[in-house]
Amino acid sequence: MSEQQAEVTTDYEPRIVAFLCKWCSSAGSDLAGVSRIQYPSNATPITVPCTGSISPNYILSALKKGADGVLVSGCHIGDCHYIEGNFLARRKIHLVKELLGFVGIEQDRFRMSWVSAAEGAKYSQVIKDFVEDLRPLGPQTKVKAGRS
Amino acid sequence: MINLQDMRDTARNMLAKNEVRGVIGYRRSTNGMLAEPVVITKPEQADELIWDPTCFHNLSLYLVEDRKFLAHTRAKADLPIAIIAKGCDARSTVVLMQENYFERKDVYIIGVSCEGTGVLDERKLVKKGIRATNSAFDGDDFVFTTEQGEQRIPAREVMADRCLECRECFPKEHNIVLGEDKTGRQLDAPFTALKRFEELDPAARWEFWDHQFERCIRCFACRSVCPMCYCDECIVDSTSFPVTGQTTADEKANRVKWIERSATRAENMTYHMTRVLHLAGRCIDCNECERVCPVNIPLRLLNNKMEREAREQFGYEPGASIGGPSLTASFLDTDPGKFIR
Amino acid sequence: MTKKRTGVFVCHCGNNIAATVDVKKVAEAMSNEENVVASEDYVYMCSDPGQNAVLQSIKDNKLDSVVISCCSPNLHEKTFRDNAKRAGLNSFTCEIANIREQCAWVHKDKAVATEKAIKISRSAVRRAGRDQALEPIAVPVTRKVLVIGGGIAGIQAALDIANAGLKVILVEKLATIGGHMLQLSETFPTLDCSQCILSPKMVDVSRHENIELMTYSEVQEVNGSVGNFQVKIKQKPSYVDPELCKICDDCAAVCPVVVPNEHDLGLTARRAIHIPFAQAIPASYTLDENACLGLNPVRCGKCKDACDVGAINYDMLPKTVTEEVGAIVVATGYDLYAQEHMNELGGGQIDDVLDGLQFERLCSASGATKGHVLRPSDRTVPKDVVFIQCVGSRDPANHCAYCSKICCMYTAKHASLYKHHVPDGRAYVFYIDIRSGGKGYEEFVQRIMEEDEAIYLRGRVSKLYRKDGKVRVLGTDTLTGQNVEIDADMVVLALAMEPSKGTADIAKTLKIGRDKDGFLAEAHPKLKPVESVTAGIFLAGCAQGPKDIPETVSQASAAAAKVIGLLSQPTLSHAPTVAKVRNSHCTGCEMCVTACPYNAISLENGKALVNEVLCEGCGSCSATCVRSAIEVKNTTGLQIQEMIEACLA
């Protein structure tokens, strides 16, 4: 516990793993880049083919490896490059999110968003908001492996 | 009221006529009051079968075991196997068939309706300080034989929570059925225990689960008893990875270990959360996992949570149809999406 | 796992990356990674010397995988994969770490940007460490093309493709092809007659042996992928057999129902049974079932009685056909932003306030007034006409944020046409700027100002209202700072162009993206302007963004060239990053079969079997499988797990 508290008092930068679908959200984050929209560097993107390919294991694994927040972002409903991958994701991720909340993990640690390839500004806003919401929560220790 | 003689006669006749290979049912255990699962294969064994409030085991587990045994011995079964199935057991049998684990023609379902009651929660009985040597159904009561003589207790006082909240105590999927359809006799509203727990704030919920996950000793009894945990290799268990003739070097090298086997809180938690997610839409609330847990982790809460989400958000009932799509392999346009930004 | 020999190449991108990311530090950090045997940085990795350096390093260091830390994979993944292939590497063992768009361009602090660039690069190194060498899957192609939209863009694309010897199905929603261009009178800057240049092309389409024309039809469903799309097209019944129709007009003469004529934008009327205009292709009448009294001889039946050749058939049913095509060109065009949105300019309620297309019909020889400019309310010759530019365009707060690009030019043309028809009239043009980029465009506008004496007023109009039989125009001339009041006989609004109605639906049907304004999105704004994000689907014309006729024709021909190039290959290569079943783990539960959006998985002997040609590699199967028995090649759980680790280390 003492170690955790020490961490909180220092300048805490939340570490986010962002799973982005290749077609919409990753392209949206590219557009944020092309438009030079600045946003915090806390989120490291991992591009996957589709939100539908995101297994709950990815999310739990990221939390276990010490991510303070996990973002899943994909195409808007109806816009999925793979027709219906995001519909499958919506259902699966809903269950993951509910379960995390149920065992008492802060709801703000996990987030899902739809960011299209045209929404560079939205992507940057999603990251900004996420970082802001994570800051007051301090480091994630609940799922993180290893005893403190 | 289920007539035990009917059950025994049915089993005896089917075995005598060589219609089934065996009958999976319950018999008296050597441990006093409790029933235990049994597979009888001869007509004369039919009289071993019993039916009482301690028949809480989900016998569909033995359908899984049977199929595994057949696979390992490369035996071919030309006859079906019969199973005594309560409403819940029948639902899990349906899920197994939905997942093509075996075909409908491979099983003969002798359904038993949990008419006025359900089955016993042994722990509730122990809490009442009753030490019985026998138990029986009698209308809305359970009747226990104790050293002090017969003791009659309203079933709802010692019934398992899942039975109190059961929405479907009648085995819809069956070849024959014993007892009447008393669906709707539900004593507590579904998810009553879950709702009670959810009234806690997140911090209190975390404190609770933190403690529970800390206690798990990773004996995997929950997994062993679960009919849905029929995978040859569990996600936590790369060591038991079956190396067969088909296993390529690549496959061996590319095993993922999402969860470590060490019994630390974080790993325990990931194990249980992953298990619950894998059971979503497949768990039919037989609650065997919680019953066998040696450290009494209330696993039903987790499974119930997923079951309620599936039911209320996606209109999905596990074990409702053999031909229907699985929960997480399907979707509706109306699935909730408000949580997405 | 056999130990990999990975090379990492960090690009400066001139200063684009190097200004915010310490590229040397990234290269150095990567050299410490397991499996990395070479790590370098270079100013422009995508340049010839840059690519050669990678090539050389692959040979010198016997690399079996490479990671290029540079711009988005959308830009140069193919470049670097091709380059790796040239060096004898399998192109699927080349990974891109996007440290420009997703890092250098969005962060200012060099220390944090460098740290993030290291994470992104490391993540790619881990992924490359487990990449398998894969060979593309050969897929046969259907040498047939679907063109959606029969305007000038669709016509041009269809003709170009058909002339190259490929079969084309041209689908048009309306009863005739031609699109908005048919409604124009003359075209800027040459003032040649729109119909005169378009009609021959329309005839070519109808007579071309390689073109199958489906008017009055809509695309309902599209499945499959590049090379092999299955499209379902629904043709509405026209109730007239075009083979028999002699376009004699006997039917329309007896039809009792009169409705506004869409072709003249409501300035004239037509009957329920009608031909959109005399030179329509196909040359046949169409019975508008919404206007008709009931397609029933008991209710009316006059047209059927009048038709000598028996071309009219009230029992004609909608027809749905399914076609296989190898590529699709989408040319669904534009509509004008509705006047109803412009409340400050009367919201479409004021007489004699027209939109640009209506004015075209007034000027057109085949139009409402047979080419005489008469105002609609009283058919008098208008002496004061006010043209207003940028109506609905360039107004991010209230209307469309974008410039509609053609309005400056067509307004100048309108002013000119008007002055030629009414030499003693006065043409006023309200404008914000004049945008006249294009060959001969600036000269054209100058000529209208100087020779035709159109009065250009720099400023916006704040209000329009009807007063004493005229339209009172209140505006400002920002050059003189004066308020301007004009009592106009007629006002013409240069309304913004927006994607045609139904663009959203067709984008959904085709699974292609739209931009923030609703136009169809191109794959890359500069390098792939005619490709959609979906392979095999191309864009042409105003569906992709506002543009004039020459630009539309160029884009249509460009799309056609892309299609011809694509379908000139005997087979297409399908990405080999498809799902693979781990038979030892598969229990045959069928969840993946249900989840697969492409019906690419079936159950064979109790195990899932992937049809690699149908599989698009989306991974829905792998996330659904609870047994880790199916995974997409080169995006395996193990790779993702190691990437997660790399991001958090």
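**View 1. A three-strand open sheet in chain B of the predicted model.** In chain B, 3 strands make an open sheet in the order β5-β6-β7, with antiparallel pairing. Strands (E, at least two residues) and helices (H or I, at least four) are DSSP runs, numbered from the N terminus. Two strands pair if DSSP finds at least two bridges between them. β5 (132–138) and β7 (149–154) of chain B are the edge strands; each has a single partner, so one side of each lacks a neighbour in the sheet. On average, neighbouring strands of this sheet are turned by 25° against each other, direction ignored. Axes here are lines fitted to C-alpha atoms, for helices over the stretch in contact; angles run from 0 to 180 degrees between N-to-C directions.

**View 2. The β6–β7 pairing in chain B.** Strand β6 (residues 141–146) of chain B is joined to β7(B) by 6 bridges, and the two run antiparallel. Thr145(B) faces Glu150(B) in β7(B).

**View 3. Chain A against chain C.** Here 43 residues of chain A contact 43 residues of chain C (C-beta atoms, placed from the backbone, within 7 Å). On the side of chain A that touches chain C, α2 (25–34), β2 (43–48), α3 (56–64) and α4 (85–102) of chain A each give two or more residues. α2(A) gives the most, with 6 residues.

**View 4. Confidence along chain B.** Mean pLDDT (the predictor's confidence in each residue, from 0 to 100) is 91 for chain B, and 95% of its residues reach 70 or more. Within chain B, helix α10 (residues 249–253) is lowest, at a mean of 67, and strand β3 (residues 81–85) is highest, at 97.

**Notes.** Residues are numbered from 1 along each chain as its sequence is written, chains are lettered from A and ligands numbered from 1 in the order in which they are written. In this predicted model, local features need pLDDT of at least 70, side-chain atom pairs count only at pLDDT 80 or more, and totals for chains, interfaces and linings use all residues.

How values were computed:
Contact = placed C-beta atoms within 7 Å.
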